[in-house]
Amino acid sequence: MSSKNKLKNYKPKGTKLRHVAIIMDGNGRWAHKKGKLRIFGHQAGAESVRRAINFAVSYHLDALTLYAFSSENWKRPRQEVIALLELFVRVLEKEVHNLHKNKIRLNVIGDISRFSARLQDCIRYSEKKTQHNKGLILNIAANYGGRWDIIHGVRALAAQVQDGRLRPDQIEEQTLSEHLCLNQIAPVDLVIRTGGEYRISNFLLWQVAYAEFWFTETLWPDFDEHVFERAINAFLKRERRFGCMTV
Ligand code: IPE
Ligand code: IPE
Ligand code: MG
């Protein structure tokens with residue numbers, strides 16, 4: 001074997017796509033462009049969510065993680081927050097049976113304790129109903145923040161240290177990873193952000209350490225199978241190195 005081929009063998013094969021995470025941005029601007037209220041954009045965005053889920057199922061992804069409401073989105077006008085959370089309840093109540101029929105397992109990540117009792121009940125019911133499904137794992141990030149996620153994990157470890165169950169020098173990357181959201185599933189391969197902004201907005205901070213990123217100007221309500229496919233094709237052309245050498 002030539003030395004070149006030998007080196008090639010050290011290259012991790014990273015192009016298999018298992019887990020896509022999406023920052024669904026641009027609903028407000030989409031509505032504004034049409035001279036409508038922002039909530040109209042969120043309603044149209046719910047249709048894009050349905051399309052993205054169907055695409056993920058037909059593409060046989062292991063997991064799809066959607067950023068629906070950030071821990072900072074409470075800063076928006078009260079009317080918009082209320083309308084968004086009501087939309088969340090309505091869509092979930094309406095769609096849970098379809099999710100179940102399609103063998104999708106729903107998992108909501110984020111601090112749901114701040115939501116209304118009705119929304120919390122609806123989330124728990126939907127998670128429980130779909131918990132044994134073996135198809136797509138659908139994670140909805142709601143009142144989620146990457147910093148919150150890390151703090152939550154660190155607190156759990158600190159409690160173990162305090163109880164004498166863990167020594168500080170035993171804390172490794174893996175130890176903290178096990179206490180963060182999404183720790184049971186395939187790592188995030190690809191992060192898509194719609195809406196033309198180039199930032200992470202406190203989404204999965206720890207979990208995207210080696211994810212690929214793909215940005216598009218497309219506003220979330222216009223996101224469809226074709227845009228999803230473009231993102232995937234771009235991902236498949238990438239060479240993931242994970243810190244290894246290039247050639
Ligand atoms: C994304 O769209 C949805 C949420 C953040 C809940 P936006 O509401 O942020 O839309 P823009 O960015 O203002 O256009
Ligand atoms: C990120 O979008 C949050 C979600 C998509 C849920 P934002 O619209 O809240 O992000 P910023 O404020 O532009 O960073
Ligand atoms: Mg936005």
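User: Which residues does aspartate 25 touch, leaving out those up to four places away in sequence?

Analyst: Happy to start there. Aspartate 25 touches Arg193, Thr194, Gly195, Glu197, Thr218, Leu219 and Trp220. Each counts as a contact because heavy atoms come within 4.5 Å. Please keep in mind that this is a predicted model.

User: What makes aspartate 25 buried or exposed?

Analyst: The relative accessible area of aspartate 25 is 17%. Buried means under 20%, so aspartate 25 is called buried. As for its place in the chain, aspartate 25 lies in the loop between strand S1 (19-23) and helix H2 (27-33).

User: Which residues does UniProt list under "active site"?

Analyst: The annotation comes from an unreviewed UniProt entry and covers Asp25 and Asn73.

User: Why do you say that they gather at one spot?

Analyst: They span 49 residues in sequence, yet no two of their C-alpha atoms are more than 12.0 Å apart, so they gather at one spot. Both Asp25 and Asn73 are also included in the lining of the largest pocket. A residue belongs to such a lining if it has an atom within 4 Å of a pocket point.

User: Where is asparagine 73, and what makes it buried or exposed?

Analyst: Asparagine 73 sits in the loop between S2 and helix H4 (78-101). Its relative accessibility is 17%; with buried set at under 20%, asparagine 73 counts as buried.

User: What does UniProt give as "binding site"?

Analyst: Again from an unreviewed entry, UniProt lists Asp25 and Glu212. From this set, the lining of the largest pocket takes in Asp25.

User: How do you know whether glutamate 212 is buried or exposed?

Analyst: Its relative accessible area is 16%. The limit for buried is under 20%, so glutamate 212 is buried. The residue belongs to strand S6, and, leaving aside neighbours within four places in sequence, glutamate 212 is in contact with Asp189, Leu190, Val191, Phe235, Arg238 and Arg240.

User: What makes S5 and S6 a pair of strands?

Analyst: Two strands pair if there are at least two bridges between them. Four bridges join strand S5 (residues 190-193) to S6, so the two qualify as a pair, and they run parallel. Within this pairing, valine 191 has phenylalanine 213 of S6 as its bridge partner.

User: Which strands are the edge strands of the sheet?

Analyst: The sheet is open, with six strands in the order S3-S4-S2-S1-S5-S6 and parallel pairing. Strand S3 (105-109) and strand S6 (212-215) are its edge strands, as each pairs on one side only. On average, neighbouring strands are turned by 20° against each other, direction ignored.

User: Which strands does helix H3 lie across?

Analyst: Helix H3 (residues 38-58) lies across strand S2 (63-70) and strand S4 (137-144), and runs at about 160° to S2.

User: Why are cysteine 122 and cysteine 244 described with separate accessibility terms?

Analyst: Cysteine 122 has 8% relative accessibility and counts as buried, since buried means under 20%. Cysteine 244 has 38%, which falls between the limits of 20% and 50%, so cysteine 244 counts as partly exposed.

User: What is the phi of asparagine 143, and is the residue buried or exposed?

Analyst: The phi of asparagine 143 is near 50°, again a positive value in a residue other than glycine. Asparagine 143 is found in strand S4. Its relative accessible area is 6%, and with buried meaning under 20%, asparagine 143 is buried.

How values were computed. Residues are numbered from 1 along each chain as its sequence is written. Chains are lettered from A and ligands numbered from 1 in the order in which they are written. This is a predicted model: local features need pLDDT of at least 70, side-chain atom pairs count only at pLDDT 80 or more; totals for chains, interfaces and linings use all residues. Side-chain values use heavy atoms; hydrogens and water are left out. Axes are lines fitted to C-alpha atoms, for helices over the stretch in contact, and angles run from 0 to 180 degrees between N-to-C directions. Buried means under 20% relative accessible area, exposed over 50%, partly exposed in between (1.4 Å probe, protein chains only). UniProt positions are given in the numbering used here, feature names are shortened, and annotations may be inferred rather than shown by experiment. On a 1 Å grid over the protein atoms alone, a cavity is a set of points where a 1.4 Å probe fits but cannot get out, and a pocket is an open set with protein on both sides within 12 Å along at least five of seven lines; lining residues have an atom within 4 Å of a point.
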